[in-house]
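Work through the following exercises on charged side-chain pairs, taking the pairs one after another and then asking how they connect.

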Amino acid sequence: MVGKFLTGSLLRHVTVMTLTSSVGLLTMFVVDFVNLLYIAQLGVPALTAGMGYAATILFFFNAINIGLMIATSALASRKIGQGDAEYARRLLTNVSVIGLAFGIPIAFCFWFFSPDLLDLAGASGTTKSAAILYITIVAPILPLSVISMICSGFLRAHGAARLAMNVTLSLGITNAILDPIFIFGLDMGFVGAAWSTICASLVSALFAIVPVIRQFGGFQPWSLPQFQEDLPAITGIMFPAVLTNLATPAGGFIAYRFMGDYSDDAIAGYAVIGRMVPVLFCLIFSLSGAVGPIIGQNFGAHQFDRVRQTLRQAMLFAFFYTLAIWPLVLILSDPIANLFKLGPEGRELFWLFALVFTPLFFFNGMLFISNAACNNLGRPSWSMWTNWGRNILGTLPFIWLGSHYFGAPGVLLGPAFGGIVFGIGAYWLSRNLVGKLQQTPIVPAPQSALAQQN
């Protein structure tokens with residue numbers, strides 16, 4: 001009876017955290033989808049392809065943000081689970097300092113070296129010019145997004161799912177309102193999409209920072225001795241988490257490099273698929289982010305049975321969700337291709353995406369969930385190696401073979417098959433890690449003065 005109650009309680013917790021996270025993420029992804037749709041209505045496939053290249057380059061920065069958010073969520077949730085909320089605030093401050101120290105120079109590099117990066121990605125002509133324009137406009141606002149994502153991870157570590165949801169929800173709603181105004185109403189075209197993103201980032205930052213200050217005490221004053229003391233713990237999970245997330249855009253970069261050998265129509269179709277993936281699989285992306293703090297808190301409280309149950313239920317959630325949307329994607333394949341004005345090659349790619357790529361995405365879900373578990377169980381390097389293995393060994397050879405024998409469709413489907421082994425392998429690693437940690441004696445961390453008073 002108790003076991004059933006725990007399972008049901010955990011399932012509700014996983015579901016609530018996942019759904020609230022997915023609302024904000026889905027809003028953001030849908031706006032990106034609509035943003036590309038607006039550009040597609042201009043009737044120039046090269047502009048649609050340019051948006052795809054720009055998104056691929058900028059996703060490297062988003063991957064860094066996600067890694068910092070994971071580090072904040074994992075470290076803060078563990079301290080909160082041990083009853084030390086003050087230490088969690090201290091970690092928030094120190095992670096933010098590190099985030100800005102890396103984010104500002106990286107944003108400058110994107111702004112200054114975007115032509116060289118796009119040359120490496122295989123972009124050319126109008127496609128390259130459009131991507132450069134978008135990146136150079138958006139790059140200066142990128143450091144602010146670092147703080148937004150770190151604060152979002154801090155809110156989620158406290159279990160404030162609704163407040164964390166509002167960070168991305170505000171970003172999406174603002175973008176949805178301003179996109180048509182800038183692109184069509186003010187006749188700014190492609191440039192309007194970039195300025196809409198800047199305004200949305202400013203609004204999102206307010207929704208991230210203000211609740212942290214008002215409801216959870218805000219940032220603790222920075223102290224160099226405390227920073228030096230926390231640095232090993234922060235970098236111990238931050239660098240592997242960032243490197244883990246950088247693997248995904250690296251795999252996307254490789255794919256676009258091969259896709260650059262084909263027509264603008266094929267690249268445009270691939271760009272549409274790139275926007276469809278996060279919309280369709282938003283719940284799986286949210287699931288991996290939602291289970292991390294749950295695992296972290298239960299690990300901090302030494303509740304390994306609940307950690308194991310959370311993993312199992314997350315996998316079942318991902319499996320049945322993928323199975324449910326597969327027929328829907330097949331039915332909507334032609335209408336979506338028509339909506340984006342895709343030509344024959346782009347339409348063929350999208351049909352293969354619906355038929356083959358969609359069901360195989362479950363194995364990516366297995367990888368995401370397992371990575372979240374390893375990050376929050378003190379083995380972030382395991383996530384790093386499995387993710388890079390999936391995006392290099394599970395991508396490059398398969399893309400090369402697919403491109404050689406099947407052309408553009410092989411570039412799309414090759415990595416989907418390559419990810420099967422890494423998804424299964426990552427899940428096996430995470431399950432065994434839980435068992436190993438359960439058998440290892442853990443010395444409880446000392447309580448802070450605040451926790452002792454309480």
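**Exercise 1.** Decide whether Asp230 and Arg90 are buried or exposed, and then describe how their side chains pair.

*Solution.* Asp230 is buried, and Arg90 is buried as well, where buried means under 20% relative accessible area, exposed over 50%, and partly exposed in between (1.4 Å probe, protein chains only). The model is a predicted one, in which local features need pLDDT of at least 70 and side-chain atom pairs count only at pLDDT 80 or more, while totals for chains, interfaces and linings use all residues. Residues are numbered from 1 along each chain as its sequence is written, and side-chain values use heavy atoms, with hydrogens and water left out. The side chains of Asp230 and Arg90 form a salt bridge at 2.7 Å, N to O, the term requiring a side-chain nitrogen of Lys or Arg within 4 Å of a carboxyl oxygen of Asp or Glu. Because Asp230 lies in helix α8 and Arg90 in helix α3, this pair ties together parts that are 140 residues apart in sequence.

**Exercise 2.** Which side chain does Glu229 meet in a salt bridge, and how accessible is Glu229?

*Solution.* Glu229 meets Arg90 at 3.1 Å, N to O. Glu229 counts as exposed because its relative accessibility is 54%, whereas Arg90, at 11%, counts as buried.

Note on methods. Helix = DSSP H or I, 4+ residues; strand = E, 2+ residues; numbered from the N terminus.
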